[in-house]
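Colleague: Could you take me through how charged side chains are read in a model such as this one? I would like the general idea before each case.

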Amino acid sequence: MGHSNTSRANLREESLLDTARRALAERGLPRFTVKLVKKLLSPLLEFGSILFIEFQLDENLFGGKVPAGFVLRKGDPSDLDSLMEAYDSSRTAAALEEKFRKRHLCFLMLDSQGRGARCSWAIKEGSEYIPELDMDLVLGPGEGYMFDAYMRSDLRHRGIELPARTFVMRTLAQAALKR
């Protein structure tokens, strides 16, 4: 029996070692080291990221099919409970209400049980403060900005993000925005 446990432990170690070698080869030492440190600190700290992508909002928007049982739509203040679910309660009700007060556009995805699955916000004019950069993004004519997109943690990596993002971009394109 002790031999069996040792064999399983050796297989696990070999698997982790192979994974580490592959990650190092694919990412290089600096990115591998950052990833390793984040992994080691993850029980103590939460890490996130910010990503800016510019899209031309035209008929060539790629899509992705909304998975069966999911619904994409615009959200409104009556959706506060669903939004809290979609954000895994990582936002306060007051912060979400403030977005509606500012007349931000809300986009919501519901799962087959009607629970909030994903949400994001957008503006079509003016500016928006980006706390991660400590600056305002000022939109030009024909520009929109989608921000604070969040997927419920149990639904990540299931192919849901692409159709949700495309829905937002198509809605903005229908509002005569170009990018």
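Modeller: A salt bridge is counted here when a side-chain nitrogen of Lys or Arg lies within 4 Å of a carboxyl oxygen of Asp or Glu. Please keep in mind throughout that this is a predicted model.

Colleague: How many salt bridges does a search of the whole structure find?

Modeller: The general idea is that side chains of opposite charge can pair when their charged atoms come close. Searching the whole structure in this way gives nine salt bridges. One of them joins the side chains of Arg115 and Glu85, with an N to O distance of 3.5 Å.

Colleague: Which parts does the pair of Arg115 and Glu85 tie together?

Modeller: Arg115 belongs to the loop between β2 (105-110) and β3 (116-123), whereas Glu85 belongs to helix α2 (residues 80-86), so the contact ties together parts that are 30 residues apart in sequence. Arg115 is partly exposed at 35% relative accessibility, and Glu85 is partly exposed at 30%.

Colleague: What separates Glu98 and Arg101 in helix α3?

Modeller: These two residues stand three residues apart in helix α3 (residues 93-101), and about one helical turn therefore separates them. In the salt bridge between Glu98 and Arg101, the closest N and O atoms are 2.6 Å apart. Glu98 counts as partly exposed at 30% relative accessibility, while Arg101 counts as exposed at 58%.

Colleague: Which residues are linked in a network of salt bridges?

Modeller: Such a network links Arg91, Lys99 and Asp148.

Note on methods:
Residues numbered from 1 in each chain as written. Predicted model: local features only at pLDDT ≥ 70, side-chain atom pairs only at ≥ 80, totals over all residues. Heavy atoms only, no water. Helix = DSSP H or I, 4+ residues; strand = E, 2+ residues; numbered from the N terminus. Buried < 20%, exposed > 50% of the residue type's maximum accessible area, 1.4 Å probe, protein only.
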